[in-house]
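Hi,

Here is the structure I promised to pass on.

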Amino acid sequence: MGIKEIIKKGKRCVVLTGSGVSAESGIPTFRGDKGLWKEYRPEELATPDAFMRNPQLVWEWYNWRRGIIAKAKPNAAHYVISDMEKFFADFMLITQNIDGLHRKAGNKDILELHGNIWENKCFNCGKRYGEIMSEKLQKCECGGYLRPDVVWFGESLDREVLEMAFLKAREAELCFVIGTSGVVQPAASLPYVSKESGAYIVEINLERTPISSIADEFISGKAGEALVKMRESFLHGSG
Ligand code: OAD
């Protein structure tokens, strides 16, 4: 059975996305030639230690990223993924992206594995705060500094979110892996869980990744272009 049949017959679908999906919206990815980690060192910016060392610097770096994200709009990839949510009876979007663009494009069932850059929480007591637009680091009423509510290196993912992601990956008949280098755990394990329970794996990326070896179909290209083609030929039934 090929992808066309699977899409027609499959009811349970998961989509795992990474920063490649937002690349066409002008948001830099992490790895690769122009990736953020070429210019910055994760351990100097995206770790609890980094924040303890220099909270203002980390806050400013996230503000800079918020500035880029604030100007960005969802691209074709986000919109096709939002159509997919309407198409499949049981659908879950699992994203490593913290930019909130999937929600802007209309997706409702989203597991944000690495949090959301617009949310904040206290580094000390964990109290949650919403959006804060301030150049200067802010303090919680407990005296602790506020930080973005994202997952940093060395931190655990939210347990409930992660459990739901694994459950949905296990139940899926169809698993799309789009625009992720597939090297950051535990997200990178999800397609393997789907594969083990018999799902058909479709990967879309500019280049092959460690996940490509288990993909039933590898589509080489930009996420937006590849997904628009797929929508025309499958989701709208014209192919
Ligand atoms: P990466 O930067 O590691 O990978 C981006 C992937 O997208 C690469 O495999 C690219 O080939 C691919 N790509 C780039 N442009 C694309 C396009 N237009 N269409 C399709 N694919 C494209 O980003 P992630 O896999 O998201 O974590 O990184 C995973 C995690 O590592 C991030 O969530 C972040 C990071 O460090 C934390 O901050 C905890």
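In this predicted model, 14 residues of domain 1 are in contact with 14 residues of domain 2. The chain splits as follows: domain 1 takes 1-26 + 74-114 + 158-239, and domain 2 takes 28-71 + 115-150. Their centres, taken over C-alpha atoms, lie 27 Å apart.

**The interface**

About 980 Å² is buried between domain 1 and domain 2. Carbon and sulfur atoms give 52% of that area. On the domain 1 side, Ser19, Ile98 and Asp99 lose the most area to domain 2. Together these three make up 46% of what that side buries.

What about polar links? Between domain 1 and domain 2 there are 3 residue pairs in polar contact, counting pairs with both residues at pLDDT 80 or more. The side of domain 1 that touches domain 2 is made up of 5 nonpolar, 7 polar and 2 charged residues.

Strand E4 covers residues 115-122. E4 and E5 run antiparallel and are joined by 2 bridges. Which residue of E5 stands opposite asparagine 120? Tyrosine 129 does.

Best wishes

Technical notes
Residues numbered from 1 in each chain as written. Predicted model: local features only at pLDDT ≥ 70, side-chain atom pairs only at ≥ 80, totals over all residues. Heavy atoms only, no water. Domains from an automatic or database assignment. Contact = heavy atoms within 4.5 Å. Buried area = accessible area lost by both parts, 1.4 Å probe. Polar contact = N/O pair within 3.5 Å; in protein donor to acceptor, adjacent residues only side chain to side chain. Nonpolar A, V, L, I, M, F, W, Y, C, P; charged D, E, K, R; others polar. Pairing = 2+ DSSP bridges. Helix = DSSP H or I, 4+ residues; strand = E, 2+ residues; numbered from the N terminus.
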